[in-house]
Protein chains: 4
Amino acid sequence: MSTKPIRNRRLPAEARRAQIVQAVLRVVSEHGVPSATVARIAAAAGVSEGTLYVYFSSREDMLRAALDAIFGDISDLIDSTEGLSAIERLTVTARRHSELAKTEGGGFVTPWVEFIAGGPQVGLREAVAETQNKAFEKMLSIVKQGQSDGTIRTDLDARRLTWQWYTIMWAENVSYLMGLSEYIDAGHSGYSLDLLLRDATGAPPSGA
Amino acid sequence: MSTKPIRNRRLPAEARRAQIVQAVLRVVSEHGVPSATVARIAAAAGVSEGTLYVYFSSREDMLRAALDAIFGDISDLIDSTEGLSAIERLTVTARRHSELAKTEGGGFVTPWVEFIAGGPQVGLREAVAETQNKAFEKMLSIVKQGQSDGTIRTDLDARRLTWQWYTIMWAENVSYLMGLSEYIDAGHSGYSLDLLLRDATGAPPSGA
Amino acid sequence: MSTKPIRNRRLPAEARRAQIVQAVLRVVSEHGVPSATVARIAAAAGVSEGTLYVYFSSREDMLRAALDAIFGDISDLIDSTEGLSAIERLTVTARRHSELAKTEGGGFVTPWVEFIAGGPQVGLREAVAETQNKAFEKMLSIVKQGQSDGTIRTDLDARRLTWQWYTIMWAENVSYLMGLSEYIDAGHSGYSLDLLLRDATGAPPSGA
Amino acid sequence: MSTKPIRNRRLPAEARRAQIVQAVLRVVSEHGVPSATVARIAAAAGVSEGTLYVYFSSREDMLRAALDAIFGDISDLIDSTEGLSAIERLTVTARRHSELAKTEGGGFVTPWVEFIAGGPQVGLREAVAETQNKAFEKMLSIVKQGQSDGTIRTDLDARRLTWQWYTIMWAENVSYLMGLSEYIDAGHSGYSLDLLLRDATGAPPSGA
DNA sequence: AATGAATGAGTATTCATTCAT
DNA sequence: TATGAATGAATACTCATTCAT
């Protein structure tokens with residue numbers, strides 16, 4: 001009797017929350033955090049503004065939930081490389097990050113960068129830092145795994161190596177943020193990663 | 001006999017402008033660019049909002065002036081290493097940058113990071129990118145000087161090397177931004193820089 | 001059980017819109033278009049400024065809606081003479097216009113004059129001209145009807161005659177605008193109209 | 001010693017006032033009354049904003065002085081027809097008014113129209129009405145002169161005839177204001193004036 | 001007499017949040 | 001549960017006016 005969109009009534013709470021979170025991510029990707037207004041989020045989610053406040057206590061709450069979703073995606077990306085060696089996991093994860101940043105939509109990378117950029121103004125900086133920390137710990141465990149199975153030099157500080165790895169990711173993000181895509185396209189980060197991993201494995205420098 | 005401003009009345013135009021620019025930098029450091037409202041800037045400068053518009057045509061104009069002031073500080077920092085060798089200049093400039101980031105207030109580093117992170121969202125993308133480019137070119141000329149006097153390998157892409165150097169600075173900045181100062185304090189960037197410069201000079205890796 | 005608005009809450013959208021439009025007309029009558037600020041309109045409508053923007057996208061939008069309402073009233077006035085002869089319609093419409101201008105509030109005449117006088121200055125020039133043109137065409141069709149049924153000389157330019165008719169209305173409006181109601185009260189426009197219609201019908205001048 | 005513009009110092013008070021009034025007229029012609037800001041007036045007059053307040057107590061005062069200057073120009077125009085017959089004076093004055101309105105700059109007509117349009121918002125409406133009244137009386141004396149020397153029918157109400165004459169001027173102004181220059185260019189007001197003067201002199205209608 | 005730095009009240013508009021329905 | 005009408009505080013910006021120099 002009805003092909004017209006069924007009214008939004010009665011959706012399982014968890015499904016509705018997820019639907020809203022996805023809308024937040026889309027809006028943040030497209031407009032940035034400061035311009036992710038509740039009006040836009042409501043429109044993107046296909047619900048009224050009032051409904052948002054049934055599932056979230058505030059706009060900040062919605063943004064935080066989106067941040068958590070991003071961490072979930074990051075976790076999934078990292079977990080998807082399970083089975084590979086530590087060095088391979090570092091390489092593959094970095095490559096996928098670069099690819100994702102360059103694709104339309106940008107997967108979780110685009111909203112992630114927008115959160116780093118736009119976080120401070122809405123009191124989200126701490127939440128962003130916390131998410132970053134969790135992601136850091138996840139990569140750290142891979143490095144440590146590499147050290148214990150002997151593929152990564154054990155005389156290196158694992159936290160430092162992880163930090164170096166993130167350094168390259170962040171540099172891509174910052175370049176993206178400043179519109180300096182020239183540096184991303186030039187593949188500079190590939191060279192940096194290569195340099196880093198050679199040092200980590202004890203392989204001879206590429207110039208030798 | 002007294003230099004303290006008894007009342008805000010009658011200040012030479014240039015002094016007032018400078019005072020306002022300093023206020024902008026303080027507000028940006030503390031609240032980020034998107035939350036650097038004219039009300040906050042006026043309060044920080046100790047003048048009325050109307051007065052801001054006597055000296056600047058718009059909020060964007062104020063922010064741009066602050067950006068220029070930052071570039072002046074960056075230039076001064078780089079210029080202060082004149083007379084040293086290229087490698088020394090890269091090393092010293094990076095060290096001073098780290099030190100500055102750790103001091104109370106953070107010198108120009110804190111507002112600079114905020115501009116990179118929050119600028120694009122408020123229509124300052126071009127201005128931020130331009131300033132970054134000018135700073136980039138300044139370091140690039142040092143790298144090229146090193147190549148021409150033989151202290152840096154000539155088979156390396158000078159722009160890539162400069163980008164790598166900035167990568168380390170940005171990583172410090174991002175760490176600082178997220179309150180991850182642990183990584184700055186640990187001196188990780190020193191190690192990264194060392195790795196980078198070994199590669200650049202053709203020196204053997206430290207582990208050999 | 002009570003139709004009086006106990007509180008401003010929950011009014012059907014269309015009713016609220018109409019309420020605001022009426023407030024705009026009142027404010028424009030009293031203060032003129034340039035001084036019809038959103039603050040004054042909100043106060044006159046008994047709603048918050050924010051509410052205005054729920055129903056209108058901008059102040060200009062509100063003013064335009066008020067202009068449309070005026071045209072509606074003009075149309076109604078003209079349409080109410082349907083069934084009469086062309087000459088009678090010109091006479092009766094003019095008389096009702098004069099009467100309206102003299103009543104407390106001034107009906108649509110007062111805001112209409114303010115729009116003509118003050119509209120152009122606030123970017124409403126086109127909207128005002130368009131409304132005037134629509135009103136012009138409405139009277140023009142009456143003149144043409146008079147020409148085709150033979151009650152108005154066909155050797156006269158219909159547009160010119162219509163313009164002359166409006167000229168008399170505008171003169172009343174300008175007099176009203178400048179507080180020179182003496183000239184309205186004296187019925188001068190009746191004499192002018194008589195002169196005009198004698199010329200239009202080919203009747204001998206009154207002095208003959 | 002100096003070809004550079006001599007400083008504005010020490011000008012006879014009356015000359016400076018006149019200089020400012022001319023600036024006001026220019027600014028009003030170009031921008032309209034609401035946009036005739038003291039900043040613009042000061043710039044047009046080549047003096048500082050503060051100086052304006054040495055010679056005038058307020059912006060309204062400046063505008064009123066400009067209004068008086070316009071009345072002076074109107075008086076001059078009317079006086080320049082002295083020696084002619086009353087009918088000629090009415091005809092010539094109206095023609096010059098039309099011509100003036102169409103020329104670049106617009107003489108006194110442009111600012112005069114702007115004052116009628118923009119007056120209300122700055123509490124100038126009364127002053128505008130007063131000026132209009134003075135101009136009315138001046139034309140009225142010509143009509144009366146015409147009646148006493150027998151060139152204008154004495155059975156007509158002199159005030160009404162004067163009002164009819166102004167009706168035509170106002171209609172031109174209103175058309176100008178609404179951008180309906182088509183009606184000015186078509187020479188409709190010439191026809192109306194002709195009709196009016198035929199009635200005033202007792203001449204047969206043009207159609208006879 | 002002349003200046004121009006400084007102000008504060010006022011402008012239109014946006015938006016997260018509330019709450020009666 | 002879901003709505004959307006209503007709000008008020010905040011936003012950047014304008015401008016007539018004052019007053020120490």
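Mentor: Across the interface of chain D and chain C, 2 salt bridges are found, a salt bridge being a side-chain nitrogen of Lys or Arg within 4 Å of a carboxyl oxygen of Asp or Glu. The model is predicted, and local features need pLDDT of at least 70, side-chain atom pairs count only at pLDDT 80 or more, and totals for chains, interfaces and linings use all residues. Residues are numbered from 1 along each chain as its sequence is written, chains are lettered from A and ligands numbered from 1 in the order in which they are written, and side-chain values use heavy atoms, with hydrogens and water left out.

One of the salt bridges joins D:Arg125 to C:Glu114, with the closest N and O atoms 2.8 Å apart. Chain D and chain C also share 8 residue pairs in polar contact, both residues being at pLDDT 80 or more. A polar contact is a pair of N or O atoms within 3.5 Å; within protein, one must be able to donate a hydrogen and the other to accept it, and residues adjacent in sequence count only if both atoms are side-chain atoms.

On the side of chain D that touches chain C, at least two residues each come from helix H6 (109-118), helix H7 (125-148), helix H8 (158-177), helix H9 (181-185) and helix H10 (188-201) of chain D. Helices here are DSSP runs of H or I with at least four residues, numbered from the N terminus. H8(D) gives the most to this side, with 10 residues. Sorted by class, the side of chain D that touches chain C holds 21 nonpolar, 13 polar and 8 charged residues. In this sorting, Ala, Val, Leu, Ile, Met, Phe, Trp, Tyr, Cys and Pro count as nonpolar, Asp, Glu, Lys and Arg as charged, and the others, Gly among them, as polar.

The extent of this interface comes next. Chain D brings 42 residues to the contact and chain C brings 41 residues, where contact means heavy atoms within 4.5 Å. Between them the two chains bury about 3,800 Å², and 64% of it is on carbon and sulfur atoms. D:Trp163, D:Met178 and D:Tyr191 supply 19% of the area that chain D buries against chain C, more than any other three residues. Buried area is the accessible area (1.4 Å probe) that two parts lose on being put together, summed over both.

About 3,800 Å² is buried between chain A and chain B, with carbon and sulfur atoms giving 64%. On the chain A side, A:Trp163, A:Met178 and A:Tyr191 lose the most area to chain B, together 19% of what that side buries. Between chain A and chain B the count is 2 salt bridges; one of them links A:Arg159 with B:Glu182, whose closest N and O atoms are 3.5 Å apart. There are also 8 residue pairs in polar contact between chain A and chain B, both residues at pLDDT 80 or more.

The protein also meets DNA. DNA strand E is surrounded by 34 residues, and the closest are B:Arg16, B:Tyr55, C:Tyr53, D:Thr51 and D:Tyr55; a residue is near a strand if one of its heavy atoms lies within 4 Å of it. Of the atoms of DNA strand E within 4 Å of the protein, 71% belong to sugar or phosphate, and the rest to bases. Polar backbone atoms lie by phosphate oxygens of DNA strand E at 2.8 Å for A:Arg59, at 3.1 Å for B:Leu11 and at 2.7 Å for C:Arg59. Helix H3 (49-55) of chain A, of chain B, of chain C and of chain D are the elements that give two or more residues to the surface near DNA strand E.

DNA strand F likewise has 34 residues around it, the closest being A:Thr51, A:Tyr55, C:Arg16, C:Thr51 and C:Tyr55. A polar side-chain atom of A:Thr51 is 2.3 Å from a phosphate oxygen of DNA strand F, and an N or O atom in the side chain of D:Tyr53 is 2.9 Å from a phosphate oxygen of DNA strand F. The surface near DNA strand F divides into 12 nonpolar, 12 polar and 10 charged residues.
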